[in-house]
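Dear colleague,

I am passing on the structure below, and I would be glad if you could look it over with my notes beside you. The notes follow after the structure itself.

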Amino acid sequence: MRPHFEEGGRFHSFKSVYDGFDTFLFTPTTTSTSGTHIHDAIDSKRTMIIVVLALMPCLLFGMYNVGYQNHLACGMTTFPFWHLFFYGFLAVLPKIIVSYVVGLGIEFVVAQWRKEEIQEGFLVTGILIPMICPIETPLWMIAVATAFSVIFVKEVFGGTGFNIFNVALVTRAFLFFAYPASMSGDQVFVAHDSIWGLGGNVADTFSGATPLGEVATMAGSDASMHLTAINGAELSNWDLFFGLIPGSVGETSTLCILIGAAILLLAGIASWRIVLSVFAGGAVMSLVAHLTATPTYPASFLSVEQQLCLGGFAFAAVFMATDPVTAARTNTGKYIYGFLVGVIAILIRTYNNGYPEGAMLAVLLMNAFAPLIDYCVVQCNIRRRMKRAKVNA
Amino acid sequence: MAEKTSYKSIILNPLSQNNPVVVQILGICSVLAVTAKLEPAIVMGLSVIAVLAFSNVIISLIRNTIPTNIRIIVQLVVVAGLVVIVNQLLQAYAYNVSKQLSVFIGLIITNCILMGRLEAFAMSNRPWPSFLDGVGNGLGYTIILIIVGFVRELFGSGTLLGHQVIPQWCYDHGYQNNGLMILPPMALIVVACIIWIQRSFNKDLQDK
């Protein structure tokens, strides 16, 4: 079968596709013939698979939550588990398919054009994109945004591993700035239509803002901060932690995110330094905001644990900031990078009522600064060692 | 020496091979600022053509009498005078567009393309080639402005020159204008795409 795909073969234009699927399941038969090579059990394909596995709790819970929010919005009183889950599954699946088809399609074409192997990076990006978008985002918008960020953020810089910014987050940022009406407000975070008889149709006048969106509208009110679910019931901190609240598909449940974090940290893929310092930075900034709370910026009344559980903060800390390609590489740099991501995320969220989702912008901003942080850390280290060398001499 | 180069190449070279925006990367700020709609982009382009061509001619006429030490000041005075005239004309005959362009007509004075052409061409060439050079470079600039303005207005507002282009049934089926196209970053990306396309056709412009 292989000869058909080699240079001059009939299906040469599909060589990269063939290679990609061939090595996806099997180890290639070609071996190196010279030099010493060290093999590790972990290569980028396995890394990506583990990240996808770590995302599964969030994704499955997100599907269930999509169904739950829809039932809640319709005023239903019973919540049969499989109905909710299956409804969410049907609502989320098209988005996953669109994101993979568009992104992988571009990757395949570019790989063939450059005569390179297909890179695995999109396996993770493709599942992240539907998870960080509101459930009501139209499919064509996801397609346009995915194409934009794969081409302009990844391929023009040289493909997987060379991108400066996190591809999935740029997709979301593109959607956020290009189609603000579909990415924020009180209509987009709850699925509105019934699918195949499951779920119900939500009335047009229904309002289902995320807790953070709800907070942002309270400008000028006093310190009595009561977060409410979409049916008006009050939300306790445990509700925010377990995540049965409106929000983008995968980011609502802090519990599931922590399960994913445990998988990533045990497998040694995500850097615990980054995860820890993002939460530390977020906690410090929330504390500062909470101590100096003013009615002009209602989000400053949120307590530290509410800030860390709400919105995309935890998701960004575990799955976005730790992206090894766009984060800082040096150990000291990782602490600085993570801490600043945490601080800036809470800073934007609290002091700009128009951008309740600060975590996305914070990670993108720090992506741009990560090489600078690394440079400074390396230069400091060199200078310190030079000084030591002179003292000894 | 200038008389030897054909007039045709003086006017055609800046259109593509030596385009002031996408090859020399000059005047980017105004490309970002005025291209959110097509109409101001065209007016801006015409204004730059006029200012560039006539300032080239004037500087070329007095090039032998300008003391070298203060040549930049003299060039600035000439350009500023022409820009004021253009600005007054626009305010008189195209008030709405002139309001949209606001300070950017005034900022033609600081447009790098003008200083570049005055220094590099008009100071050492006779008036007629200088005039052609000004028109050519102005045209090169205008073409890029029009392309960027076309793309940004089409996808950002769904209109061209203020007329609805994307049909209503698209909106009824869920199409939305791309708000990012109105913001300056997208102008930069559109310019980058033009550079990309242009260099893939002109092999000699590619970096080694």
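The domain bounds used in this message come from an automatic or database domain assignment. For chain A, that assignment gives domain 1 (1-26 + 44-203) and domain 2 (257-393). Please keep in mind throughout that this is a predicted model.

I begin with the two domains of chain A. In their contact, 24 residues of domain 1 of chain A meet 22 residues of domain 2 of chain A, and the two domains bury about 1,900 Å² between them, with 84% of that area on carbon and sulfur atoms. On the side of domain 1 of chain A, A:Ala54, A:Asn166 and A:Leu169 lose the most area to domain 2 of chain A, and together they account for 26% of what that side buries. Across this interface the rule finds 1 residue pair in polar contact, both residues being at pLDDT 80 or more, while the count of salt bridges between the two domains is 0. The elements that give two or more residues to the side of domain 1 of chain A that touches domain 2 of chain A are α2 (44-73), α4 and α6 (167-178) of chain A, and the largest share of that side, 8 residues, comes from α2(A). By class, the residues of that side divide into 19 nonpolar, 4 polar and 1 charged.

One of these elements, α4(A), deserves a separate remark. All 10 of the 10 residues of helix α4 (residues 122-131) of chain A are buried, so the helix is largely enclosed by the rest of the structure.

The interface between the chains comes next. Here 12 residues of chain B are in contact with 11 residues of chain A, and chain B and chain A bury about 920 Å² between them, 73% of it on carbon and sulfur atoms. Within chain B, B:Gln176, B:Leu180 and B:Trp196 lose the most area to chain A, together 47% of what that side buries.

Over all chains, the structure holds 3 salt bridges. In chain A, the side chains of A:Lys154 and A:Glu107 meet in a salt bridge at 2.9 Å, N to O; this pair links distant parts of the chain, since A:Lys154 is in helix α5 (residues 139-154) of chain A and A:Glu107 is in helix α3 (residues 81-114) of chain A, 47 residues apart. Both A:Lys154 and A:Glu107 are buried.

In chain B, B:Arg71 forms a salt bridge with B:Glu119, with the closest N and O atoms 2.8 Å apart. That pair also links distant parts of its chain, with B:Arg71 in helix α4 (residues 71-93) of chain B and B:Glu119 in helix α7 (residues 112-120) of chain B, 48 residues apart. B:Arg71 counts as partly exposed at 25% relative accessibility, and B:Glu119 counts as partly exposed at 30%. The side chains of B:Asp133 and B:Arg117 meet in a further salt bridge (3.0 Å, N to O); B:Asp133 lies in helix α8 (residues 127-157) of chain B and B:Arg117 in helix α7 of chain B, so the pair ties together parts that are 16 residues apart in sequence. B:Asp133 and B:Arg117 are both buried.

A:Thr252 is in the loop between α9 (237-242) and α10 (254-266) of chain A and, at 4% relative accessibility, counts as buried; its side chain makes a polar contact with the side chain of A:Asn65 (3.4 Å). B:Ile25, in the loop between α1 (7-12) and α2 (28-34) of chain B, has a positive phi of about 55° although it is not a glycine, and B:Ile25 is partly exposed, with a relative accessible area of 44%.

With kind regards

Methods. Residues are numbered from 1 along each chain as its sequence is written. Chains are lettered from A and ligands numbered from 1 in the order in which they are written. This is a predicted model: local features need pLDDT of at least 70, side-chain atom pairs count only at pLDDT 80 or more; totals for chains, interfaces and linings use all residues. Side-chain values use heavy atoms; hydrogens and water are left out. Contact means heavy atoms within 4.5 Å. Buried area is the accessible area (1.4 Å probe) that two parts lose on being put together, summed over both. Buried means under 20% relative accessible area, exposed over 50%, partly exposed in between (1.4 Å probe, protein chains only). Helices (H or I, at least four residues) and strands (E, at least two) are DSSP runs, numbered from the N terminus. A salt bridge is a side-chain nitrogen of Lys or Arg within 4 Å of a carboxyl oxygen of Asp or Glu. A polar contact is a pair of N or O atoms within 3.5 Å; within protein, one must be able to donate a hydrogen and the other to accept it, and residues adjacent in sequence count only if both atoms are side-chain atoms. Ala, Val, Leu, Ile, Met, Phe, Trp, Tyr, Cys and Pro count as nonpolar, Asp, Glu, Lys and Arg as charged, and the others, Gly among them, as polar.
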